[in-house]
Amino acid sequence: MTTLTLNDTIQLPDLAFDITQHLGFSKQEAAKWAWLEIAGSVLSHYVVDRHQRLEGLLHWFYKDLGFCVRESYYSVEAADLGACVITRQGNSTTLATLLMLLAKQLDLKLEPLLLPGTTVLCSRIDDEIRYIDPLTGGELSRHQLHVLVRGELGNGVAFKPRYLKPVSLKRLLSRMIHELKAGSIVSHQYEAAMECCNLLLQWHPDDLNLNRERAFIAQQLGCISVAAADLKHFVDNSPHDPVIELVKMQLKELKDEREIYH
């Protein structure tokens, strides 16, 4: 796998296509041609009234083009932006990203909101705020947003104001890589999952949970020394974490495993 270096200069969808090809998933060239075909057609839906423009975009995207949720929702294919634009099926993050980019070409601003477990879009036209479900194009109320959060975190959880704060492209793309990582683990593509961790650590070097995840993945690949180094890094830098004793036990087991192999 060739080296891919991430920086803070983000151009979507190009960077997402670069990443998925780098990971060995969708082909960058095919994804770009599919995107150019769709992006070149959206301008025909430009009308003066912005409310009508948004409604026209949603109808065209979901009804005419047929974009929809992928049945294998937690798969690599659902999290792969290139696969999403080619097959017109994705998860909430990939569908939201494409819809956001198409809206921008129509001078409409759709802002991504990262709720726990799902991505939604926020539209602000004049004094009207709308929350859009990228899986269907339907409108969501504040209560429905809270229900989504409760479904992910439990019935007693509060709805935090930060859930309604739009995120940067960097955070949006980070979620996409996290979802690619999760899909890779589900399908036992551990080398791709490992590379997802490596990419995320370029942007988030202080996220110690990424070290824990990479340790698990490295162990599946038989890279015991790499796994042990990541767990030791976690222990050294998170002495008061609630799971620290569990991680120490995992580290001891890894060291014993190393002795057996050597």
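# Briefing: buried residues, helix pairs and backbone details

Leaving aside neighbours within four places in sequence, Pro116 is in contact with Val149, Glu152, Leu153, Tyr163 and Arg175; contact means heavy atoms within 4.5 Å. The model is predicted, so local features need pLDDT of at least 70 and side-chain atom pairs count only at pLDDT 80 or more, while totals for chains, interfaces and linings use all residues. Residues are numbered from 1 along each chain as its sequence is written, and side-chain values use heavy atoms, with hydrogens and water left out. Helices (H or I, at least four residues) and strands (E, at least two) are DSSP runs, numbered from the N terminus.

**Pro116**

- Pro116 sits in the loop between β3 (110-115) and β4 (118-125).
- Pro116 counts as buried, because its relative accessibility is 16%. Buried means under 20% relative accessible area, exposed means over 50%, and partly exposed lies in between (1.4 Å probe, protein chains only).
- Pro116 and Val149 are 33 residues apart in sequence. Their C-alpha atoms are 5.9 Å apart in space.

- Arg130 belongs to strand β5, residues 128-132.
- With 10% relative accessibility, Arg130 is buried.
- The side chains of Arg130 and Glu55 make a polar contact at 2.7 Å. A polar contact is a pair of N or O atoms within 3.5 Å; within protein, one must be able to donate a hydrogen and the other to accept it, and residues adjacent in sequence count only if both atoms are side-chain atoms.
- Residues up to four places away in sequence aside, Arg130 touches Leu54, Glu55, Leu58, Leu121, Cys122, Ser123 and Glu139.
- Asn91 is placed in the loop between β2 (89-90) and α6.
- Asn91 counts as buried, because its relative accessibility is 3%.
- A polar atom of the Asn91 side chain lies 3.0 Å from the backbone nitrogen of Thr93.
- Neighbours within four places in sequence aside, Asn91 is in contact with Tyr73, Ala78, Ala79, Leu135 and Glu179.

**Helices α8 and α9**

- The axes of α8 and α9 come within 8 Å and cross at roughly 160°. Axes are lines fitted to C-alpha atoms, for helices over the stretch in contact, and angles run from 0 to 180 degrees between N-to-C directions.
- The two helices, α8 and α9, are therefore roughly antiparallel. Angles under 35 degrees count as roughly parallel, over 145 as roughly antiparallel, 65 to 115 as roughly perpendicular and the rest as oblique.
- α8 and α9 make a left-handed crossing. A crossing is left-handed if the near helix is turned anticlockwise from the far one by less than a right angle, and right-handed if clockwise.
- From α8, the contact uses Lys170, Leu173, Ser174, Ile177, His178, Leu180, Lys181, Ser184 and Ile185. From α9 come Tyr190, Ala192, Ala193, Cys196, Cys197, Leu200 and Trp203.
- This contact of α8 with α9 has eleven nonpolar, three polar and two charged residues. Ala, Val, Leu, Ile, Met, Phe, Trp, Tyr, Cys and Pro count as nonpolar, Asp, Glu, Lys and Arg as charged, and the others, Gly among them, as polar.

**Helices α9 and α10**

- Helix α9 (residues 190-203) packs with helix α10 (residues 208-220) at an angle of about 155°. Their axes are 9 Å apart.
- α9 and α10 are therefore roughly antiparallel to each other.
- The crossing of α9 past α10 is left-handed.
- On α9, the contact is made by Tyr190, Ala193, Met194, Cys197, Asn198, Leu200 and Leu201. On α10, the residues are Leu210, Asn211, Glu213, Arg214, Ile217, Ala218 and Gln220.
- By class, the contact of α9 with α10 has nine nonpolar, three polar and two charged residues.

**Loops and backbone details**

- Lys160 lies in the loop between α7 (142-153) and α8 (169-186).
- Lys160 is partly exposed, because its relative accessible area is 38%.
- Lys160 and Lys170 are ten residues apart in sequence. From C-alpha to C-alpha they are 21 Å apart.
- Asp107 is in the loop between α6 (92-105) and β3. Its phi is near 60°, a positive value in a residue other than glycine.
- Asp107 is exposed, with a relative accessible area of 54%.
- His188 lies in the loop between α8 and α9. Its phi is positive, about 60°, although His188 is not a glycine.
- His188 counts as exposed at 57% relative accessibility.
- The peptide bond from Leu12 to Pro13 is cis, with omega near 10°. Pro13 is placed in the segment before α1 (14-22).
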